[in-house]
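Please look through the chain shown here before reading on. The report is meant for a reader who is meeting this structure for the first time.

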Amino acid sequence: MFKHIETGCYYQTLALTTPLDEMLDEFIVVNTAIVPFKGSFVCDGLITSNNVALGKGLMKEVREGYHQAKKDGSLRRIT
């Protein structure tokens, strides 16, 4: 899952090769492109980290926002 920093939209996203949870820590800031591919959103290109550490309060906010987006249908995904 990715959250767009400027819009606040959440995206259900996959990676083409390695699963995201194997590549990334749970909560980090990254630069990447998200594109539709074979019925899903996928990360395209190099994922780069900004070395930004997120505090517990922000991690809680992101986690709750993701669950709310799933609940209210605003989670961006290709169905």
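What follows describes the overall layout and then a few selected residues.

## Overall layout

The model is predicted, and its chain holds two helices and five strands. Read from the N terminus, these elements follow the order β-β-β-α-β-β-α. Of the 79 residues in the chain, 23% are buried, and the accessible surface comes to about 5800 Å², with 51% of that area belonging to carbon and sulfur atoms.

## Two aromatic pairs

Searching the whole structure gives two aromatic pairs. In one of them, Tyr 10 and Tyr 66 lie 6.3 Å apart, centre to centre, with 55 degrees between their planes, and the pair is tilted. Because Tyr 10 belongs to strand E2 (residues 10-11) and Tyr 66 to helix H2 (residues 56-72), this pair ties together parts of the chain that are 56 residues apart in sequence. Tyr 10 and Tyr 66 are both buried.

The other pair is formed by Tyr 11 and Phe 41, whose ring centres are 5.7 Å apart and whose planes meet at 85 degrees, so this pair is edge-to-face. Here too distant parts of the chain are linked, since Tyr 11 sits in strand E2 and Phe 41 in strand E5 (residues 40-49), 30 residues apart. Tyr 11 and Phe 41 are likewise buried.

In soluble globular proteins, nonpolar side chains tend to be buried together. The largest nonpolar core in this model has six residues, namely Tyr 10, Phe 27, Val 62, Tyr 66, Ala 69 and Leu 75. Helix H2 gives the most to this core, with three residues. A second, separate core has five residues, among them Phe 2, Leu 20, Leu 24 and Val 30.

Which residues surround Tyr 10, once its neighbours within four places in sequence are left aside? Tyr 10 is then in contact with Met 1, Phe 2, Lys 3, Glu 61, Val 62, Gly 65, Tyr 66, Ala 69, Ser 74, Leu 75 and Arg 76.

## Thr 13, a buried strand residue

Thr 13 is placed in strand E3 (residues 13-14). Its relative accessible area is 7%, under the 20% limit for a buried residue, so Thr 13 counts as buried. The side chain of Thr 13 reaches the backbone oxygen of Tyr 11 at 3.2 Å.

Not counting residues up to four places away in sequence, Thr 13 touches Met 1, Phe 2, Leu 20, Ile 34, Phe 41, Val 42 and Cys 43. Phe 41 in this list is also the ring partner of Tyr 11, while Phe 2 and Leu 20 are included in the second core.

Most residues other than glycine have a negative phi. Lys 38, in the loop between strand E4 (30-37) and E5, has a positive phi near 50 degrees. Lys 38 is exposed, with a relative accessible area of 75%.

Is Asp 21, at 66% relative accessibility, buried or exposed? Because the limit for an exposed residue is over 50%, Asp 21 counts as exposed. Asp 21 is found in helix H1 (residues 20-23), and its C-alpha atom is 9.6 Å from that of Met 1, although Asp 21 and Met 1 are 20 residues apart in sequence.

Terms used:
Residues numbered from 1 in each chain as written. Predicted model: local features only at pLDDT ≥ 70, side-chain atom pairs only at ≥ 80, totals over all residues. Heavy atoms only, no water. Helix = DSSP H or I, 4+ residues; strand = E, 2+ residues; numbered from the N terminus. Buried < 20%, exposed > 50% of the residue type's maximum accessible area, 1.4 Å probe, protein only. Areas by Shrake-Rupley, 256 points an atom, 1.4 Å probe, with all protein chains shown as cover. Phe/Tyr/Trp six-rings, centres within 6.5 Å; stacked < 30°, edge-to-face > 60°. Polar contact = N/O pair within 3.5 Å; in protein donor to acceptor, adjacent residues only side chain to side chain. Contact = heavy atoms within 4.5 Å. Core = buried A, V, L, I, M, F, W, Y, C linked by side-chain atoms within 4.5 Å.
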